[in-house]
Structure formats: structure tokens, C-alpha cells
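The points are numbered and may be followed alongside the display.

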Amino acid sequence: EYLKAESYIKAALQTGCQNPTLLCHAALIYAKNGNKSAATKYFEQALKNNPNISPLLKEEAVQASNRL
């Protein structure tokens, strides 16, 4: 399921969108697929664009990254 999601998130990221929620979801998808470097990259970009991102989304991304 997350492999399928990865193909969709790649397409969304190719638009150049820097929406922090999109970037955080990208981080979660990459983390679930075991790609720590991509997960970290997108999570850092999400926080850079909006350090006040949803605390729940932020916590989920941190936990997913820590599990890798």
C-alpha cells in the first residue's frame, strides 16, 4: 500500500510544491517504505517551511523516522 502511495507522492513532489503538509506526508511514506534519507529530507523541508506544523503530524513523522 505504501509502495503505491510512493508513486503518487513522487508525482505530487514533481510539481515543486513546498506545502509542509505534503512534505510531511512524503516523509511518512518514505519512512514506511524504509527510505530513511528521503524521509529525513522531506521532514526537514516540511519543518523549514513551517516550524509550526500540526503537532500530531510532526510527532508521527518523528516516530516513523526513529523506527528506521
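1. Which residue forms a salt bridge with Glu6? Lys10 does, and the closest N and O atoms of the pair are 3.5 Å apart. A salt bridge is here a side-chain nitrogen of Lys or Arg within 4 Å of a carboxyl oxygen of Asp or Glu. By this rule the count is one salt bridge.

2. The model is predicted: local features need pLDDT of at least 70, side-chain atom pairs count only at pLDDT 80 or more, and totals for chains, interfaces and linings use all residues. Residues are numbered from 1 along each chain as its sequence is written, and side-chain values use heavy atoms, with hydrogens and water left out.

3. Both partners belong to helix H1 (residues 2–13), where they are four residues apart, about one turn of the helix. Helices are DSSP runs (H or I, at least four residues), numbered from the N terminus.

4. Lys10 is partly exposed, at 41% relative accessible area, whereas Glu6 counts as buried at 15% relative accessibility. Buried means under 20% relative accessible area, exposed over 50%, and partly exposed in between (1.4 Å probe, protein chains only).

5. The buried residues of H1 are Glu6, Ile9 and Leu13. They lie on the same side of H1, because they cover an arc of only 70° around the axis; the arc is that of the directions from the helix axis to the C-beta atoms. The exposed residues Lys4 and Tyr8 are on the face of H1 turned away from its buried side.

6. Helix H2 (20–32) and helix H3 (36–49) are included in what covers the buried residues of H1, where contact means heavy atoms within 4.5 Å.

Note on methods: Helix = DSSP H or I, 4+ residues; strand = E, 2+ residues; numbered from the N terminus.
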